[in-house]
Amino acid sequence: MAYDVNFDSMTQQNVKTSKVRSIRRVLKPNEAVFPILQEKELLLSEYSERNASLTKEVIELKEEVERLKTLANAAKNEHVTKMSVMESWRMEKQQSLSIRQPIPSGDPVHSQIQNLLRQACPQSHYAGCLAARQLEVLSVEQVHNVKLWKQYAFRKEEIKKESETAGIGTVVESELPPLDWIQLDKSVNEVVLLHGTHSDKIDMITQYGFDQRMAREGGLYGQGVYFTDQSCKSAYGYLWFKLGESGSGWLLT
Ligand SMILES: [Zn+2]
């Protein structure tokens with residue numbers, strides 16, 4: 001097709017049909033802007049996506065913060081709930097936490113454990129045992145050791161399976177008062193017991209667990225790892241003459 005172009009009137013005339021029409025002016029795209037535009041469009045869509053997912057996270061976090069605020073202000077009798085919240089939080093943070101985690105001195109766990117240890121000396125005991133009923137808890141630590149906990153849970157499952165065919169045998173009882181955050185499985189003879197030890201052994205035990213090879217020789221019943229439900233007995237030889245001093249410890253197991 002051929003046209004006569006008139007630049008004065010900005011019209012074009014079709015040579016064949018003599019039809020006149022204005023010249024369409026198409027703006028030449030600014031190609032230099034293309035890559036920047038493309039990049040910004042990509043960023044915009046990426047940020048929009050992130051914005052949506054962050055908004056979702058913000059909503060979830062706000063809900064969790066509100067829930068925790070309610071829990072934090074809840075009465076002491078909600079301790080079980082608090083502990084279970086702490087437990088799930090602990091599992092999340094397990095890799096970044098140290099194995100021995102001190103529990104702040106204001107936490108009711110301190111008085112609960114102090115009461116438990118004071119009560120864990122039978123009324124029929126006399127003499128030096130009286131000191132056990134007045135003992136004071138100076139510090140409490142929670143042991144975080146996922147590896148040992150998994151081993152424990154695995155062994156517990158094994159025992160459960162074995163007991164289905166063989167029974168649980170002798171029923172093991174512990175006179176220790178119950179702690180409301182510990183759920184025990186009676187079907188596998190699970191009990192809470194005490195173990196007394198020197199403070200310099202605590203790191204080894206909390207890292208690697210109880211190991212008979214590390215046990216002192218010449219114990220009351222020969223070499224072995226000893227557990228008891230009596231605080232005075234677990235303290236024997238370790239805390240007996242040291243009550244009130246810091247540095248030695250009990251392990252609730
Ligand atoms: Zn006693």
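Predicted model: local features only at pLDDT ≥ 70, side-chain atom pairs only at ≥ 80, totals over all residues.

Visitor: What makes the pair of Arg-155 and Glu-158 a salt bridge?
Guide: The closest N and O atoms of Arg-155 and Glu-158 are 2.9 Å apart. The cut-off is within 4 Å, from a side-chain nitrogen of Lys or Arg to a carboxyl oxygen of Asp or Glu, so the pair qualifies as a salt bridge.

Visitor: How are Arg-155 and Glu-158 placed in helix α5?
Guide: They are 3 residues apart in α5, which spans residues 146-166, and so are separated by about one helical turn. An α-helix has 3.6 residues a turn, so residues three or four places apart point the same way.

Visitor: Why is Glu-158 called partly exposed?
Guide: Its relative accessibility is 32%. That value falls between the limits of 20% and 50%, so Glu-158 is partly exposed.

Visitor: Which salt bridge joins Arg-155 and Glu-162, and at what N to O distance?
Guide: Their side chains meet at 3.5 Å, N to O, and the limit is 4 Å. Glu-162, at 42% relative accessibility, counts as partly exposed.

Visitor: What makes Asp-185 and Lys-160 a salt bridge, and where in the chain do the two lie?
Guide: Their closest N and O atoms are 2.9 Å apart, and the rule asks for within 4 Å, so this pair is a salt bridge. The pair links distant parts of the chain: Lys-160 is in helix α5, Asp-185 is in the loop between α5 and β6 (194-197), and the two are 25 residues apart.

Visitor: Is Asp-185 buried or exposed?
Guide: Buried: its relative accessible area is 18%, and the cut-off is under 20%. Lys-160 has 29% and is therefore partly exposed.

Visitor: How many salt bridges does the rule give?
Guide: The count comes to 10. Arg-100, Glu-141 and Asp-203 are linked in a network of salt bridges.

Visitor: How do you know that the buried residues of helix α3 line one face?
Guide: In α3 (residues 109-119), the buried residues are Val-109, His-110, Ile-113, Gln-114, Leu-116 and Leu-117. Seen down the axis of α3, they fall within an arc of 160°, so they line one face of the helix.

Visitor: What share of the protein chain is buried?
Guide: Buried residues make up 23% of the 253 residues. The chain has 7 helices and 7 strands.

Terms used:
Residues numbered from 1 in each chain as written. Heavy atoms only, no water. Buried < 20%, exposed > 50% of the residue type's maximum accessible area, 1.4 Å probe, protein only. Helix = DSSP H or I, 4+ residues; strand = E, 2+ residues; numbered from the N terminus. Arc of directions from axis to C-beta.
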